[in-house]
Amino acid sequence: MTLTHYLVLSGILFSVGASAVLLRRNAIIAFMGVELMLNATNLALVTFSRLHGDLTGQVLAFFVMVVAAAEVVVGLAIIVAIFRTRRSASIDDVNLLKS
Amino acid sequence: MHASALTATLPALSPVVNPAGLPASGGVWSFAWLVVALPLTSAALLLLLGRRSDRWGHWLGVLASAGAFVVGLLAMLEVLGHDASSRVWNLRLGTWIDAGALHLDAGLRFDPLSLTFVLLVTFVGTLIHVYSVAYMEHDENRRRFFAYLNLFVAAMLLLVLADSYVLLFVGWEGVGLASYLLIGFWNHHTPYAVAAKKAFVANRVGDVGLLVAMGLIFANFGALDFGTVLAHPADHASEGTLTWIGLALLLAACGKSAQFPLQSWLGDAMAGPTPVSALIHAATMVTAGVYLIVRSGAVFEAAPTAQLVVVVIGAITLLFGAVVGCAKDDIKKALAASTMSQIGYMVLAAGLGPVGYAFAIFHLVTHGFFKAGMFLGAGSVMHGMDDQVDMRRFGGLARYMKITWVTFMMGWLAILGIPPFAGFFSKDKIIEAAFIPVDGATWRAWVFGSVALLGAGITAFYMSRLFFMTFEGERRWTTRKDGSEQHPHESPALMTWPMIILAVGSVGLGLVLALGNRFTGWLEPVTGHVEHEEPVLPAGVLVALTLAAVVVGLVLAWRRYATSTVPVVPPLGTALTRAARVDLYQDAVNDAVLVEPGQHLTRSLVYADHAVVDGGVKGLTHATVGLGALLRRLQTGYVRTYAATMLGGLVVLLVVVLAVQS
């Protein structure tokens, strides 16, 4: 199992996450797609860290996790708030800023 | 003042004896500026006080004009008390313009020429003021009318008293403004407002000439005051330049004096109240052009070509006005055509050089009297005939308006040039001067002399026609506007007295001024003394010929308009009559040559403005808006679209970075 496999897996996970964000209407699912993309990035960072033999990538992965945790808090709060006011979790309904 | 005594002290052919003039101070000169200030202040007061001065405003106007006359008379007496060589006085009012190379003092120049004008303008002007008190009695805007009259007089006085072309120009424009206001005094009537506009525009064309002349003079002389410019023009500029200056000045004179080809405004200017017509034709306005030419005489003498053009213009206008006058049925328009013709005589004389200057001004003065008298007479007739102006609807008025009839007759005999009435002494001299060869060119003497002689005959015809149609023959009156019977009546004393005084002037002024060459001698400090050559025909023969032409015209008019029936409806007439009725197609020609091309030009400019300038600006805005509309489509409001855009952008960035790096 070479490092390349990790990178391929990271790419697949990223693509799955991106597809979920682009294709699904449910806000929760799209949100999970975002998380998946972040974690795919984390995997790639760690892999490159191994590849180059320094710790920069792993440190960055921690940063991403922290940001992701904060993002989950804010994002879920927004989704809950939207659901409460609009009785829907579909992101296509959230287009009021369009004139 | 004897002419022979003067000639001894004057160098022959000198245009201006003492061009710089003597500094005027003390005595009458300490308040001589009042001559302009009085009517100007009165005009300002009447306009500023508004309706508050309605009750006494007209008398203030009369007083201001009369006061100016008194001041002018005092100045005249002061000047008369001096020797002929020191009769040019400069009254300095202060520095006016001090800008780089141009240093100009504002000042008034009192010399025989300007004083002649001052007295004519204020005397005739005051009489017309008095007349207007009664004539405009029922007009609720009489006070405003008097304010304008005062402004007119003040502007004309400034024009003739100015000691530089620039100050003259101020008066020149003031006259233009006042004439516009007065011609359009009844501007609630659209044709009258249009007539005022026409006069204003025609005058502006002339003003361009004066501006060009001033520019040329300043460029070549470095000064604009008469003292410098007129002293020795030939030292400062070549003959070619002087010719152009002269032609530009002539253009200015043509505009103001209604000379060919800028004559078209004069007939329409009859839209103003009749006293205005009298003022325009006798004292202010149309005489300004003659004044300008005579004042700039030194320039013209140094440019013989320009002088010849002046004579030609005068001759053309003389005949033009006379022919038009023969066909007009509107009494005021016939008089207007007559003015044009008479001013043509003056311009012709002014173009003859020093020989003619004094006669031009002499005729101007006598004409001022008899023409003002006749215009006031016409106003009196209109006053008594319910504002009727069609002479075919007059007839037999002599019995009903005795004073108007007699005073008008004096003016009529004067303009005909019947001795010893005023016109005989002035017009006859012009005809004689026209017959004098200039520089030995006898063809000029014959051509211009014959034109002047012919003009005298036609003048006799149309003025007699006017007189007979109005006062003689049988009654051809219509009913009044309200349908009642026409009751012609004599005008009130305030109107008849000015007419009587002017009639006295029309009778005696010529003889008084001509005796012993008084008038020509008086003007010599300005016009210079010149021993002229003999006319191509003996003077006695010329007088006889002129009188014969006058009598022929008179008898023709008598037979056609006094002893035979005058048709109430104008007959078709010959082609010339029909042309003369529409002023020899002057308006049609102006329309075709100037107005329509001008309108087409403006229309195409407006089109170009819309299509090119506006089109460019509007095109830019349309393009911006269109682009915005296109870009707006990208903003769908769907989160996934934005996400996809971000993703796509990222991919593009990656590709670009990789492509650049490899």
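1. Which residues line the second largest cavity? They are B:Gly267, B:Val324, B:Lys328, B:Lys333, B:Ala336, B:Ala337, B:Met340, B:Asp583 and B:Gln586. A cavity is a set of points, on a 1 Å grid over the protein atoms alone, where a 1.4 Å probe fits but cannot get out, and lining residues have an atom within 4 Å of a point.

2. This is a predicted model, in which local features need pLDDT of at least 70, side-chain atom pairs count only at pLDDT 80 or more, and totals for chains, interfaces and linings use all residues. Residues are numbered from 1 along each chain as its sequence is written, and chains are lettered from A in the order in which they are written.

3. The whole structure holds 2 cavities of 30 Å³ or more. Helix α16 (residues 331-351) of chain B contributes the most, with 4 residues; helices are DSSP runs (H or I) of at least four residues.

4. In α13 (residues 287-295) of chain B, 9 of the 9 residues are buried, so this helix is largely enclosed by the rest of the structure. Buried means under 20% relative accessible area (1.4 Å probe, protein chains only). Among them are B:Tyr291 and B:Arg295.

5. In α1 of chain A, the buried residues are A:Ser10, A:Gly17, A:Ala18, A:Ala20 and A:Val21. Seen down the axis of α1(A), these fall within an arc of 155°, so they line one face of the helix; the arc is that of the directions from the helix axis to the C-beta atoms.

How values were computed:
Heavy atoms only, no water. 1 Å grid on protein atoms, 1.4 Å probe; cavity = no way out; pocket = protein on both sides within 12 Å on 5 of 7 lines; lining within 4 Å. Points joined across faces, edges and corners; volume = space filled by probe spheres on them. Helix = DSSP H or I, 4+ residues; strand = E, 2+ residues; numbered from the N terminus. Buried < 20%, exposed > 50% of the residue type's maximum accessible area, 1.4 Å probe, protein only.
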